[in-house]
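Student: Hi! I'm new to this one and would like a guided look around. Can we go through it together?

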Amino acid sequence: MDIGYTADHLRTAAATAVRAPSLHNTQPWRFRLRDGGIEVLADPSRRLPATDPSGWGVRVACGAALFNLRIALAVAGVPARVRLRPDPAEPDLLARLVPDIPRRPSPTEQSLHLAIPRRFSNRLPFWPDPVPSDARWRLGDAARAEGCWLELLIGVSAVNAFGEIARSAHRVLERDPAYRAEREQWLRHEPAPDGVPASAGGPQHEPQDVLPGRGFGGRDRAPGRDFEPEPLVGVLGSVGNTAIDQVVAGQALQRVLLTATDVGLAVSLLSQPIEVPTAREQLRVSLGRFGTPQIVLRIGYGQPGRPTPRREVDEVLDLPVVPA
Ligand SMILES: Cc1cc2nc3c(=O)[nH]c(=O)nc-3n(C[C@H](O)[C@H](O)[C@H](O)COP(=O)(O)O)c2cc1C
């Protein structure tokens with residue numbers, strides 16, 4: 001393709017990109033057309049200062065949106081070549097996509113594309129059915145295909161050890177009034193184009209639960225009962241922890257989430273042990289892996305749910321002004 005991307009390409013692909021997950025559904029991204037390239041930018045006005053002081057969560061979310069953008073362009077027959085953080089003078093510019101040689105989309109790209117509108121965070125308890133080994137392999141392959149790793153915790157003691165780290169991180173975060181205020185600010189009891197709908201928050205978490213909830217939970221549950229028998233927990237990590245590594249992790253996260261959706265699995269995300277630096281280090285050491293944990297996934301077979309709202313795509317586009 002010798003001409004660049006058009007405003008139509010941008011609008012169609014961005015409408016798919018915004019289906020990506022983001023901390024508290026803040027949707028911290030912008031998309032623009034420059035010299036025939038589509039560019040993905042972090043929107044610092046949507047960073048959560050208490051929950052995400054370093055901007056890690058913004059870059060992971062933008063990486064996930066970038067993955068959707070790549071898939072949408074590939075399926076439209078205009079696949080992209082991507083440069084991450086192409087201009088050191090503009091740190092919020094996270095990626096620039098230019099047209100690559102046109103080709104037909106692969107079957108994998110097609111099935112991942114179909115999964116995009118079906119994916120959502122499922123915070124309800126999962127069924128006891130174990131995740132079969134071929135599905136586990138596919139999730140690991142999805143992370144590796146994007147240059148990351150996915151460590152699935154095997155056995156009750158590994159999950160319990162992780163749960164201890166996650167619950168202590170949760171307690172540290174809960175002591176911070178600014179963190180709690182941010183969560184309340186983004187929890188929605190009325191229809192809204194962003195934030196977490198109370199209906200998507202899942203049940204209340206209780207002290208005996210192995211994994212902590214974020215605290216969006218509203219629905220009551222029977223006292224004293226376990227949340228679920230034995231969740232499959234996966235830690236997704238990257239080789240390093242630069243801004244580029246975090247964007248790469250976001251792409252890998254989205255590929256894993258879409259692969260899970262494609263094979264009928266439900267997922268919710270946990271990042272308390274990533275947000276507290278000492279907990280993140282404990283987690284890294286406990287895994288004995290080279291690299292940096294970037295996010296944690298709870299994976300299983302879930303009850304049906306529905307995708308959460310997004311802002312109108314025009315709100316996140318910077319289109320060139322056409323001279324009159
Ligand atoms: C970096 C990152 C961290 C997240 N951390 C959590 C978390 O700790 N707990 C949680 O319930 N959801 C978490 N989420 C999921 C978001 O709340 C969710 O993506 C958002 O509300 C949009 O909903 P959706 O995933 O259903 O589209 C996280 C998402 C991202 C990208």
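Tutor: Happy to. Let's begin with a definition: rings of Phe, Tyr and Trp (its six-membered ring) pair if their centres lie within 6.5 Å. Keep in mind that this is a predicted model.

Student: How many aromatic pairs does the structure hold?

Tutor: Zero; there are no aromatic pairs in the structure.

Student: Okay, then what sits over the ring of Phe126?

Tutor: That would be the charged end of Arg298, 3.6 Å from the centre of the Phe126 ring. Arg298 also has a polar contact of 2.8 Å, side chain to side chain, with Ser268.

Student: Where is Ser268?

Tutor: Ser268 belongs to strand E9, which covers residues 266-270. Ser268 counts as buried because its relative accessibility is 6%, and buried means under 20%.

Student: And which residues does Ser268 touch?

Tutor: Leaving aside residues up to four places away in sequence, Ser268 touches Asn122, Arg123, Phe126, Val296, Leu297 and Arg298.

Student: New topic: salt bridges. How many are there?

Tutor: The structure holds 20 of them. As background, side chains of opposite charge can pair when their charged atoms come close. One of the bridges joins Arg32 and Glu90, with the closest N and O atoms 3.1 Å apart.

Student: Where do those two sit in the chain?

Tutor: Arg32 is in strand E1 (residues 29-34), while Glu90 is in the loop between strand E3 (80-84) and strand E4 (93-99). They are 58 residues apart, and the pair links distant parts of the chain.

Student: Is Arg32 buried or exposed?

Tutor: Arg32 is buried, with a relative accessible area of 8%. Glu90 counts as partly exposed, at 25% relative accessibility.

Student: Which residues are linked with Arg32 in a network of salt bridges?

Tutor: Glu39, Glu90 and Arg96 are linked with Arg32 in that network.

Student: Nice. What does Glu151 form a salt bridge with?

Tutor: Its partner is Arg289, and the closest N and O atoms are 2.8 Å apart. Glu151 is in strand E5 (residues 149-152) and Arg289 is in the loop between helix H9 (277-287) and E10, so this pair ties together parts that are 138 residues apart in sequence. Glu151 is partly exposed, with a relative accessible area of 23%, and Arg289 is partly exposed too, with 29%.

Student: Now Arg214 and Glu275: how do their side chains meet?

Tutor: In a salt bridge, at 2.6 Å from N to O. Arg214 is in the loop between strand E7 (196-197) and strand E8 (232-238), and Glu275 is in helix H8 (residues 272-275), so parts that are 61 residues apart in sequence are tied together. Both Arg214 and Glu275 are buried.

Student: Then what does the side chain of Arg310 reach?

Tutor: The backbone oxygen of Val18, at 2.6 Å. A polar atom of the Arg310 side chain also lies 3.2 Å from the backbone oxygen of Arg19. Val18 and Arg19 are among the residues that Arg310 touches, and others include Ala20, Pro21, Asn25, Gln27, Arg119 and Pro193.

Student: Last one: where does Val248 lie?

Tutor: Val248 lies in helix H7, residues 243-262. Beyond residues up to four places away in sequence, Val248 touches Leu84, Glu146 and Cys148. The C-alpha atoms of Val248 and Phe67 are separated by 9.2 Å, with the two residues 181 apart along the chain.

Methods. Residues are numbered from 1 along each chain as its sequence is written. This is a predicted model: local features need pLDDT of at least 70, side-chain atom pairs count only at pLDDT 80 or more; totals for chains, interfaces and linings use all residues. Side-chain values use heavy atoms; hydrogens and water are left out. Rings of Phe, Tyr and Trp (its six-membered ring) pair if their centres lie within 6.5 Å; planes under 30 degrees apart count as stacked, over 60 as edge-to-face and the rest as tilted. A charge sits over a ring if NZ of Lys or CZ of Arg is within 6 Å of the ring centre and within 35 degrees of the ring normal. A polar contact is a pair of N or O atoms within 3.5 Å; within protein, one must be able to donate a hydrogen and the other to accept it, and residues adjacent in sequence count only if both atoms are side-chain atoms. Contact means heavy atoms within 4.5 Å. A salt bridge is a side-chain nitrogen of Lys or Arg within 4 Å of a carboxyl oxygen of Asp or Glu. Helices (H or I, at least four residues) and strands (E, at least two) are DSSP runs, numbered from the N terminus. Buried means under 20% relative accessible area, exposed over 50%, partly exposed in between (1.4 Å probe, protein chains only).
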